[in-house]
Amino acid sequence: MATALITGGTSGIGAAFTRALAARGDDLVLVARNADRLTEMATEMKERYAVNVEEIVADLAVRSDVVGVAERLASVEQPIDLLVSNAGFGIPTKLTEADTTPHEHAIDVMIRAVLMLGAAAGRAMRQRGRGTIINVSSTAGFVAMGSYSAIKAWVTAYTEGLANELHGSGVSVTALCPGWVRTEFHERAGLRISAIPDLLWLDADQLVADCLQDAEAGKVISIPSKRYKVLITICEHLPHRALRAVSRQLMSRRH
Ligand SMILES: NC(=O)c1ccc[n+]([C@@H]2O[C@H](COP(=O)([O-])OP(=O)(O)OC[C@H]3O[C@@H](n4cnc5c(N)ncnc54)[C@H](OP(=O)(O)O)[C@@H]3O)[C@@H](O)[C@H]2O)c1
């Protein structure tokens, strides 16, 4: 019997991981800030799939809360087999704003917490000689769209570094890099999405199924869907000047 810990497992992509993992019989540890939504999701999974679900109310922007989740990942008596570091959000704030706290908050949740949880899970899993870590990054990390891109570029590069550090240990490490997915993400960040063509929207359940397969196969970078694989391959081959121009276009449609 496996146990998976999912940060942000109550909504969007994280909720899709929660449903997929419960459906295959994994016990769950769900982490998010909103206690009511955690309980609602936990109750639904217990009733529907007869799995055990622990709820951890934690704000991953708060270091002491992250330490608490890291301690849960380090437990020897109740081992975690799969970590999905998923919690995150969009950052509509411009890089030149006088108040840089939205960027700092994003760095705390999407970099510091990912680093601390990956370290705790990596150590515990390496000791057991098995385990899986999935960090939810983004295709935004391949372009230049403000601090969100910079943060997700870090998540992808960090995941590759962690995969190298754990190479041969029995622990697989994967960065999931989705394109646009209809979740609460865009509304929460106040991002305009009307200009995004239908073709570019991905289904959360499908991308999670693909990612779990990629992780199982030991793929370090998981880019869901053929169309995004093609788009990212093009991005990787474009001169940086052209990539910055594309990024400017995308940014101008967002605000
Ligand atoms: N949607 C997209 O188009 C897209 C594309 C590429 C990558 N992503 C990435 O996918 C991940 C999930 O995003 P989503 O689209 O599923 O967004 P979402 O629907 O808004 O879900 C975000 C989840 O993260 C939790 N969360 C947010 N801040 C938190 C904090 N400080 N501490 C603990 N939990 C927190 C939320 O729960 P609480 O509010 O209760 O804390 C919620 O469960 C993010 O890392 C995002 O960057 C999204």
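This is a predicted model: local features need pLDDT of at least 70, side-chain atom pairs count only at pLDDT 80 or more; totals for chains, interfaces and linings use all residues.
The strands form an open sheet of seven members, arranged in the order β3-β2-β1-β4-β5-β6-β9 and paired in the parallel sense. At its edges lie β3, which covers residues 53-57, and β9, which covers residues 221-222, and each of these strands pairs on one side only.

Within this arrangement, β5 (residues 131-136) is joined to β6 (residues 171-176) by six bridges, again with parallel pairing.

Helix α2, which spans residues 35-49, lies across β2 and β3, and runs at about 175° to β3.

Arg72 belongs to helix α3, which comprises residues 63-74. The relative accessible area of Arg72 is 11%, and because the limit for a buried residue is under 20%, Arg72 counts as buried.

When neighbours within four places in sequence are left aside, Arg72 is in contact with Leu5, Val29, Glu54, Ile56, Gln78 and Ile80. With one of these residues, Glu54, there is also a polar contact from side chain to side chain, at 2.9 Å. A further relation across the sequence involves Ala121, which is 49 residues from Arg72 along the chain, while the C-alpha atoms of the two residues are separated by 9.2 Å.

## Cysteines without a disulfide

A disulfide is a covalent bond between the sulfur atoms of two cysteines. A search of the whole structure finds zero disulfides. For Cys177, the closest cysteine sulfur is that of Cys211, at 9.2 Å, and this distance is too far for a bond, because a disulfide requires the two sulfur atoms to lie within 2.5 Å. Seen from the other residue, Cys211 is likewise in no disulfide, and the nearest cysteine sulfur to it is that of Cys177, 9.2 Å away.

As for accessibility, Cys177 counts as buried, at 0% relative accessibility, and Cys211 also counts as buried, with a value of 0%.

Definitions and conventions: Residues are numbered from 1 along each chain as its sequence is written. Side-chain values use heavy atoms; hydrogens and water are left out. Buried means under 20% relative accessible area, exposed over 50%, partly exposed in between (1.4 Å probe, protein chains only). Two strands pair if DSSP finds at least two bridges between them. Helices (H or I, at least four residues) and strands (E, at least two) are DSSP runs, numbered from the N terminus. Contact means heavy atoms within 4.5 Å. Axes are lines fitted to C-alpha atoms, for helices over the stretch in contact, and angles run from 0 to 180 degrees between N-to-C directions. A polar contact is a pair of N or O atoms within 3.5 Å; within protein, one must be able to donate a hydrogen and the other to accept it, and residues adjacent in sequence count only if both atoms are side-chain atoms.
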